[in-house]
Amino acid sequence: MSIAYPEFRATRCTRYRFRYSECSRCAEACPHEAVTLSDEGVAIDPARCQNCALCVRACHTDALASSAFKPVEILRQAIQHEHFSIACAPSGAAADSIVPCLGAVDAASLAYLAKRRIPVSLRGASHCGDCAHGDHGARQLALNLDACDVLAQAAEGQHAPANWICPQVESVTGPRQEAGDGARFAASRRQWFRRLIGRGIDEVAQGAEPTAAAQQPPDKAIRPGAYALPERRELLQIVCRRKDEQPFRVPLHDALPMMALSLQPGCTTCEACFRVCPTGAIEIDESPAEWRLKFDADRCVACAVCFEVCQPRVLDADAVFDARPEQALRVLLAMSKQRCSRCDRHFVSHTAEDTCPVCRDDEDAFTAIFG
């Protein structure tokens, strides 16, 4: 089996949206060093790429896509079967669906089939030790299976059994070893992710005050782009819905593109997080009287670019959150607007001011030039 080389969609990439982003999910997932990172996004080297699609699944924003490998088509095929099997192409195993690598089948798709109670057999994992991209694929497979188990446990809760049928790996020796390695890999990635998103509250707890240079990101650091919601995130809205309306509590997980944002004291209202978000999960709602920063959990894919762009480091994420869809938007910050005595413009500020920032900048510039 072969698939088209991944297509790069720049406006969805966090590196394109914020030129100082250090996101490297796709490069870390690639076993062939075919991904080159820059502040413009990513580039795929066709001479190195072996079409494993692991980079496609690693990207939470779907900045990379393959026209020939679409998990949603696998789901449409699977729901017509009482039992369904998926095999990786390099192993040569027979199955209802052949994929470039088992690790490319994302956790949201596996969880959707588990919730539908469709027994799924994953074939070919015993070939990982002999596969060119087996090590990376095995670790990603273990991470995805762990995420599926996390969702199944969240669905069960304390009120009624979920009775999900989680996918099974058809092997005994090789895959068990790989799964163990993958579980350790999953834990280390989650710890890294928590370190990344927890840095804001650490600085607040230490009493660190943002410097003047840290009030806003550098000029032209943020590029605009249309909002887009990946299919995996929409699929998770279905997976996380409960008939009993009880909370669907999920811990932060690297293989699950979802998160719940919170805000610590110290926000400068620079709106950089709103401008850099590739999915529209962060919103600005304002009127002549009020300015509000809102968060829509249904649209968040946990790309973490908002944490990178926030200079005061006051954004944080809940370690465990309710993942049910269609919840009310969370108001992260609400402020009353003030009116500038000079230009009559409305503006927001943490302290009472007679003039807006634009007029103050003009006054400072005038003073600097003419004294």
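The side chains of Ser 21 and Glu 308 are joined by a polar contact of 2.6 Å. A polar contact here is a pair of N or O atoms within 3.5 Å; within protein, one must be able to donate a hydrogen and the other to accept it, and residues adjacent in sequence count only if both atoms are side-chain atoms. Please keep in mind that this is a predicted model, where local features need pLDDT of at least 70, side-chain atom pairs count only at pLDDT 80 or more, and totals for chains, interfaces and linings use all residues. Residues are numbered from 1 along each chain as its sequence is written, and side-chain values use heavy atoms, with hydrogens and water left out.

Let us stay with Ser 21, found in the loop between α1 (14–17) and α2 (25–29). Helices (H or I, at least four residues) and strands (E, at least two) are DSSP runs, numbered from the N terminus. Not counting residues up to four places away in sequence, Ser 21 touches Thr 14, Arg 15 and Glu 308, where contact means heavy atoms within 4.5 Å.

Buried means under 20% relative accessible area, exposed over 50%, and partly exposed in between (1.4 Å probe, protein chains only).

| Residue | Relative accessible area |
|---|---|
| Ser 21 | 3%, buried |
| Arg 57 | 10%, buried |
| Asp 296 | 13%, buried |

Arg 57 belongs to helix α3 (residues 54–58). Leaving aside neighbours within four places in sequence, Arg 57 is in contact with several residues, among them Asp 62, Phe 69, Pro 71, Asp 106 and Arg 232.

Asp 106 also leads us to helix α5: Asp 106 caps its N-terminal end, with a side-chain oxygen 3.2 Å from the backbone nitrogen of Ala 108. Eight of the nine residues of α5 (residues 107–115) are buried, so this helix is largely enclosed by the rest of the structure. The buried residues include Ser 109, Leu 110 and Tyr 112. Their packing partners are α4 (71–78), β7 (120–123), α6 (134–156) and α9 (231–239). After α5 comes Arg 117, with a positive phi near 60°.

Finally, Asp 296 sits in the loop between β12 (290–295) and α11 (305–309). A polar atom of the Asp 296 side chain lies 3.1 Å from the backbone nitrogen of Asp 298. Beyond four places in sequence, Asp 296 touches Ala 281, Glu 283 and Leu 329. Asp 296 and Gln 327 are 31 residues apart in sequence, and their C-alpha atoms are 8.2 Å apart in space.
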